[in-house]
Amino acid sequence: MLILGIETSCDETAASVVKDGREILSHVVASSAEMHIKTGGIIPEQAAREQIKSIIPVVKEALEKGCGGTSLIDAIAVTAGGPGLIGSMLVGVETAKTLSFVWDKPIIPVVHLLGHVYANWLISNNKETQEPQFPLVFLTVSGGHSDLFYAKSHGNFKWIGGTRDDAAGEAFDKTARLLGLPYPGGPSIATRAAKLKILNLKFEKMKLPRPMINENNFDFSFSGLKTAVLREVNKLKDEGMFNEEAINFLAFEVQEAISDVLVEKTLKAVRKYESSTLLLAGGVSANQHLREKFSSKILDLDLNLDFRVPPPHLCTDNASFVAGYAFYNYHPKPWQEIKVIPNADEAIEYYGINKN
Ligand code: KG4
Ligand code: ZN
């Protein structure tokens with residue numbers, strides 16, 4: 001089955017053609033991130049305008065590269081549930097509905113939050129691997145979401161915990177801004193953290209908190225990090241010490257604090273649910289330090305775990321995972337019933353996805 005995926009939840013305009021939920025025949029992503037560097041973050045109105053400019057060329061290119069035209073695709077999948085920006089999402093959804101009507105093809109609505117994990121089913125670098133085995137635990141960490149799920153099968157996703165305030169990616173983006181580093185914050189923080197060669201003792205006092213790390217639940221809270229970084233930055237500025245070395249240290253600490261909490265809580269969930277598969281997904285899972293920390297803690301704890309993370313370009317927003325999700329959760333809806341629902345919980349409810 002060939003599915004055309006369309007994804008426009010934020011600042012990426014993406015379309016892909018995917019065969020049987022695994023084989024990527026085309027993968028096109030246009031990003032307006034460059035534009036948001038100037039403003040230090042996304043301006044929703046501007047992101048939506050860019051979506052309008054890009055959507056037709058992107059879909060056209062994906063179809064041409066993927067299957068040489070429209071007639072070969074069997075269905076259209078589109079991000080219709082969040083998290084996402086309403087203006088951006090509308091562009092993808094209206095495009096998908098129009099194509100579904102004109103070409104008389106079924107349309108499958110996808111909730112972005114759940115879609116991300118299907119990047120783990122995609123075959124990358126032509127390396128055919130076995131599909132991830134259920135039951136499994138997955139962590140989706142992105143600019144708009146930080147959530148832990150336990151899944152017994154496709155379409156059966158039990159939410160077990162998530163952030164109470166800022167998402168992990170949001171914490172990277174906001175702290176980067178406080179440190180004067182460019183958007184998106186995750187990669188900038190990672191680059192600066194890697195520049196910290198030796199741990200200077202004079203920075204010891206600036207260690208950041210690891211919020212909720214020891215609490216007996218699967219929730220996260222990252223907004224305190226932003227406040228802690230702001231306090232340190234203000235102090236350093238007052239003392240005339242806000243220099244490159246201090247920025248590198250704080251970047252290192254932000255990455256370390258977020259990774260420590262994500263690894264600790266996620267592996268706690270793996271043990272509680274006796275899961276033998278762990279999948280990561282979302283833009284933050286592109287972080288090399290986080291991946292390494294997971295791998296080494298899994299070894300330390302001697303967990304017999306099939307631990308998987310998609311390659312970085314499939315972690316961030318794209319349409320291949322949207323098509324993948326639709327293949328494994330094939331529930332087409334009449335196009336008239338497809339609505340844009342930016343809130344993920346409301347979308348899960350509206351589209352009748354099992355959450356238990
Ligand atoms: O999944 P994604 O592309 O979009 C959303 O659905 O939000 O994730 C974007 C987020 C941004 O907050 C960005 O800073 C973060 O993922 N991110 C990273 C890295 N690459 C992207 N965070 C940490 N390390 C990275 N290498
Ligand atoms: Zn995303």
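A nonpolar core is a set of buried Ala, Val, Leu, Ile, Met, Phe, Trp, Tyr and Cys residues joined through side-chain atoms within 4.5 Å. The exercises below use a predicted model.

**Exercise 1.** State how many residues the largest nonpolar core has, and find which of them have the most contacts inside it.

Solution. Step 1: the largest core holds 58 residues. Step 2: the most contacts inside this core belong to Leu4, Ile6, Leu114, Phe138 and Phe157. Step 3: take Phe138 and leave out residues up to four places away in sequence; Phe138 then touches Leu114, Val117, Asp147, Leu148, Phe149, Ala151, Phe157 and Leu279. Step 4: a second core, separate and with 51 residues, includes Phe220, Phe222, Ala228 and Phe249. In soluble globular proteins, nonpolar side chains tend to be buried together.

**Exercise 2.** Give the strand order of the open sheet of five strands and name its edge strands.

Solution. Step 1: the order is E3-E2-E1-E4-E5, and the pairing is mixed. Step 2: strand E3 (23-31) and strand E5 (107-111) each pair on one side only, so they are the edge strands. Step 3: neighbouring strands of the sheet are turned by 20° against each other on average, direction ignored.

**Exercise 3.** Determine in which sense E4 and E5 pair, and over how many bridges.

Solution. Step 1: strand E4 covers residues 75-81. Step 2: E4 and E5 pair in the parallel sense, over five bridges. Step 3: Gly81 stands opposite Val111 in E5.

**Exercise 4.** Find which strands helices H2 and H3 lie across.

Solution. Step 1: helix H2 (residues 44-67) lies across E1, E2 and E3, at about 20° to E2. Step 2: helix H3 (residues 86-103) lies across E1, E4 and E5, at about 150° to E4.

How values were computed
Residues numbered from 1 in each chain as written. Chains lettered and ligands numbered in written order. Predicted model: local features only at pLDDT ≥ 70, side-chain atom pairs only at ≥ 80, totals over all residues. Heavy atoms only, no water. Pairing = 2+ DSSP bridges. Helix = DSSP H or I, 4+ residues; strand = E, 2+ residues; numbered from the N terminus. Axes fitted to C-alpha atoms, helices over the stretch in contact; angles between N-to-C directions. Contact = heavy atoms within 4.5 Å. Buried < 20%, exposed > 50% of the residue type's maximum accessible area, 1.4 Å probe, protein only.
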